[in-house]
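Hi,

Here is the structure I promised to pass on. Have a look at it first, and then read on for what turned up.

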Amino acid sequence: MPNSGETEKQETMATFRTSARAVDMLGRQQIAGIPTAISEIFKNAHDAYASNVRADYFPARQTLVIRDNGVGMTRSEFVERWLTVGTDSKLKDSSLPPMIRTKGAGIRRQMGEKGIGRLAIATLGNQLIVVTRAGGQARSGVDEGITVAFVQWSTFSIPGLTLDEVPVPIRTVSTLDEVNPHLVRSLATEFREELAQSSRAVSSGHYSGILAEVDQLSLDPRVYITLGDREFLSAGGTSYLIAPVGLDLAESVTVPGHSLTSEVTEFQKFLLGFSNTMTERWSNERIETSFFIHENSSITDAIDPESEFWTRDDFGRSDHVVEGNFDRYGTFDGQISVYGKTPTSYVEPWTKGAGSTTACGPFSIKFGYLQGKSSESRLAPDDYSLMSHRLDAIGGIYIYRDGIRVLPYGNSDYDYLDIEKRRSKRASTYFFSYRRMFGVIELDSSVNRNLQEKAGREGFRQNRAYREFVEILQNFFIQLAAEYFSADSDLGRQWLDTRSAHNRRAALEILRERDAKSRRKFVRNLQDCADRLNRGELQREADSEFARFKRSLSESVSRLTSVELVDSLAVTLERLSEKYDLARPVDLPLAEDEEELWTEYREILRSNESYLGRLQDEAVECLTRLPGPAKYSAEDLVDRRFAELSEQIHVRLQRRSEMTHRTLENALSKLHEFTQQGHLAMDALIEQKHLSRAQFNDTAQAVNRDFLLLDQALAEIEDDAGRWMRRASGDELSEPGRRVLKEEIMDLEERLEQNLELLQLGQTVEILSHELQASTTAVRKGLRNLKPWANGTPSLQPIVRDLTAAFTHLDGHLRLFTPLQRRLYRERVAITGREVEAYVKAIFDERLKNHEIELVVTEDFRNWTFVGFPSVLYPVFVNLMDNSIHWLTRSDLERKSIRLHYDQKREWVTIEDSGPGVRPNDYDRIFMRGFGRRRGGRGLGLYLARQVLRAEGLDLWLHRSGPNPVFVISKHDGDANG
């Protein structure tokens, strides 16, 4: 019997007992949702010093595996740390040994301090298999094997069951091959047996339901653990296999769009940017996270499929950037850059604190801001559009503690600073919009310990520290907007001026693009009309109409019918002429080659219009050859011609007057003057009504000439009217001046664009050359190491021999890039013709042989010396040789040759080939930028060759254009050679 003292103690002392349901409430019921649960597991991987944590979800198999390459756990660590609810292993004053680190890793700030984060796994599914292997440093160095455990989470929801009655079968094996389906069934069997011993506390309904779940457990852990990495767990790590997953997981995880410009899922919002990639402070703490969905033979990263989360580089794609620190008094001290200008210092105190230290502690901030309209932004339209889409998807100010994201801050729909709420009251005062900014607030657990996360990870506790934290930031954004982005401040007016300048620039860009579209459309139509006229389409159509007219005229029996046929033909030919007659828009600038095309087109059109005029004259003459009553006299034809001309003049005057209806009086007087001239010409025709047919034709032609003069005069009137209208609207620059200026601007823009393309191409070639040379060094070393093996293995010898020959050929071509890198030649060097010969042969020798082209190099050329940069001279010869080979291969000449020679007397270097030569019309055009006859060519080769030579005091010109063309490189005298 207990003594009286023991009895008294039992009556006055009691202890807590922990129900198994406590784990369910701390895990499944406490975590806000699936993304939060995944984030908790990622944080555990971070605390285990992992550099990578990866989740793989198989919807068809209802299986999820989450793996990390951290330090893992021994059997004893799994029991003492992982299976202990609320463990203090991550606390500073922990009773357990300190956390083990991976080899070479620095000490990490631990995210989990409550010891319940791992319980979030229960949210993902009822059954869990844990496979872990200890790695890292500061252990005994003895391999303690792989620990495998089975957890049935639904057991924790059984009423009446205490925590120490929940069975967790555990095994230790030596190799991963032992973690097989047989081991899984063994763990499940042991769980059933252990649970059966506790059946007195388990209702039959719960018991049978749990056993049904256990009986369905059938998988091979090795398949999932080694997915994508056969050596996984070899150096330590932990894997969690959940099967079957819960319905909540299937509903939460969806395949995202192809990029972050697509709609972002809720799952993404919570898991994007797990580690801080926007600053460098915590770069050593970063951990790569991914969540792959395996479905329909495809694998998609459900978090960040295009790796488009914010980085440091994105701040350079913002209009405004703010960066700085809040001290322990809440005062901001940092810099602001408005529209990409040089950052200026900015200090903003928190007056509400009254000089006392804050409860939240010091922290830092950096954010970028994008203007609300593309026209107000400094970014190019395409860059603005991309940034705007990304802001809509993942914009917001994210909070990171020790480099790891704190949820849910940063989600675009979680405006914890009420920025949009204030903006909705008065946008002109509260400038900032939460959806137009992105950035980071960095916290440090050593100085911001009062900012405490809730157990369920739904943000910080609403304590004094958090309230001050929010108030400091709200005050900061209000004061920043008033100082720099308000019309009431000097700095704000500077921002407004810059914004207005960007608006003007955008408006001009719209006009320029509109002009460019008009120009492109006009040039397309111009080219089409010119091609059709050159093919004789207008004349064929006119001939067809005229033949139809003659057939109808032969069947005519009356004068009235004959007149109607002539009228009908005249209308048809007029419409046919208008079909090919393009009106060049006023002020439309054209490039040099386009201007030549316009001139060529106008000449062809005039020739065709003359042809139409001759058909009309012939049609009129046909009337005089008609038999009987249908015949016309010369007098009749004069009357008719007068009527036609009157009608044509009337129509054209009316058409022109519609275009010049707002002209000034001087333009109208000019119109009246030339109209009088037209009437005088007609009066002269009337006075000569009684003329012979020959005299009639001469007179009619004279009237036609007068009519052409009148037409030209009307065109001049239109030009005058346009000039007056532009001057009246405030544009003082004359139309020809504007056109010339716009053409020059357009030409410069095209040159700049092409130069940028060439610069990018050159940089790419240089980078590729460098990388390829590094690769060839490695291949050369590999072949050298492989040769001894081949010597002892006869079957390998021909393979190695072929590989060596192919590599030597490739390496020889790669070496040709070296002289083209100007950075390797800081000073000019002497280059002989013999060296040029060797260079072009190395490039073209195979093509020359394949096409049976003879390369003739004279001794005078071999002895010629050029002092300059190889990157200037070699490409010129490469271009000229390439052109010669191209045109020679397309000729049917029996003897094909290219000759390189140096004329000592005239100091000419000549490049001659036996090809067909240059077309006479192209003589002055082949050196124009953009001109070329080669299909698919850019028309830049000869243009660039001449430009780079002229920069060195030389010139490139065509000495003979016909058969056997000769190009000459000579000293540049400032004028075109010929």
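Searching the whole structure turns up 7 cavities of 30 Å³ or more. Keep in mind that this is a predicted model.

I went through the second largest cavity, which holds about 70 Å³ of space. If you want to find it on screen, select its lining: Ile419, Arg422, Thr429, Tyr430, Phe431, Phe432, Phe477, Ile478 and Ala481. By type, that lining splits into 7 nonpolar residues, 1 polar and 1 charged. Arg counts as charged and Thr as polar, and the lining includes Arg422 and Thr429.

Where do the lining residues come from? Helix 12 gives the largest share, with 3 residues.

The other thing to look at is helix 5, residues 181-197. With 17 residues at 1.5 Å a residue, helix 5 should span 24 Å, and its end C-alpha atoms are 25 Å apart, so the two values agree.

Which residues of helix 5 are buried? They are Leu183, Val184, Leu187, Ala188, Phe191 and Leu195.

Cheers

Definitions and conventions: Residues are numbered from 1 along each chain as its sequence is written. This is a predicted model: local features need pLDDT of at least 70, side-chain atom pairs count only at pLDDT 80 or more; totals for chains, interfaces and linings use all residues. Side-chain values use heavy atoms; hydrogens and water are left out. Helices (H or I, at least four residues) and strands (E, at least two) are DSSP runs, numbered from the N terminus. The expected span of a helix is 1.5 Å times one less than its number of residues. Buried means under 20% relative accessible area, exposed over 50%, partly exposed in between (1.4 Å probe, protein chains only). On a 1 Å grid over the protein atoms alone, a cavity is a set of points where a 1.4 Å probe fits but cannot get out, and a pocket is an open set with protein on both sides within 12 Å along at least five of seven lines; lining residues have an atom within 4 Å of a point. Grid points are joined across faces, edges and corners, and a volume is the space filled by probe spheres set on the points.
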